[in-house]
Protein chains: 2
Amino acid sequence: MTEVIEPPIETVTIDVVLSALADPVRLTLVRALAAAGDWACGSDILREAGVTIGKSTVSHHVKVLREAGLISTRVDGIRRLFTLRYDDVEQRFPGLLTMLRERAPAGAAAERS
Amino acid sequence: MTEVIEPPIETVTIDVVLSALADPVRLTLVRALAAAGDWACGSDILREAGVTIGKSTVSHHVKVLREAGLISTRVDGIRRLFTLRYDDVEQRFPGLLTMLRERAPAGAAAERS
DNA sequence: TCCTATGTTCGATCTGCGTCGTACTGTTCG
DNA sequence: CGAACAGTACGACGCAGATCGAACATAGGA
């Protein structure tokens, strides 16, 4: 089938979202998608995220994020394109994506000497 | 020592908070504390949360939540009292606690048969 | 002083899940 | 048709972390 199913945003629970975002790799992928802004394929995301993991692992993480209602998938010829469900997530969990924008503490904490 | 240290809310990262809230038991404990409203001891929380786990497990979860900046601990004679750092968390991550108020899907998913 | 109640810490166990490799599906191009 | 590419499905492996029990610490009351 060419159709890609996604859960209606109303049926998404915060529990599932939290579990999905608890993994550092998935959090990086989400941030990369947020930075990309629009549709991006797997290799684009990996380059943007700066992580090097197997493609089956990427597929696994994408699946988890999709089932958590966070990302959307579209078929484009030979490849799949992914994007953040920005409006849906913002409507369902206002402020969540804003929290994620603050990236991980680069080089440990920014210790105020 | 009678002093209980807590991380300044500015130093708390969303990564740590997400990891802390990803566990179903900890999420239940946080919801119980939110329902309690004010300071509650371990047995109070367990009763409010309706879970039956060993006290060492509770101690472990409380530690994780405290290090994530979510709860505060105070010594009261023979026992420790815990409470949600509501204002701090709301200031640092606006909207987060509101998302958590929506409790878990009672009786599994609301299957649309 | 001794006993009880509340938490913490430590060690051991065990399950969940993140990761990888391989095989498979589907699409595009030569 | 056949080769190459993008992603998925599945099985296996290993590790992080959730849980428990026991020992310890501390405060309060008999």
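The model is predicted: I took local features at pLDDT of at least 70 and side-chain atom pairs at pLDDT 80 or more, while totals for chains, interfaces and linings use all residues. Residues are numbered from 1 along each chain as its sequence is written, and chains are lettered from A and ligands numbered from 1 in the order in which they are written.

**Chains A and B.** I looked up the contact (C-beta atoms, placed from the backbone, within 7 Å) and found 19 residues from chain B and 19 residues from chain A. On the chain B side, α1 (14-21), α2 (24-36) and α6 (96-101) give two or more residues each; helices are DSSP runs of H or I, at least four residues, and strands are runs of E, at least two, numbered from the N terminus. The largest share, five residues, comes from α1(B). I sorted this side into 13 nonpolar, four polar and two charged residues, with Ala, Val, Leu, Ile, Met, Phe, Trp, Tyr, Cys and Pro as nonpolar, Asp, Glu, Lys and Arg as charged, and the others, Gly among them, as polar.

**α2(B) and α3(B).** I noted that B:Thr28, B:Leu29, B:Ala32, B:Leu33, B:Ala35 and B:Ala36 of α2(B) meet B:Asp44, B:Ile45, B:Glu48 and B:Ala49 of α3(B). Their contact has seven nonpolar residues, one polar and two charged.

Note on methods:
Two residues are in contact if their C-beta atoms, placed from the backbone, lie within 7 Å.
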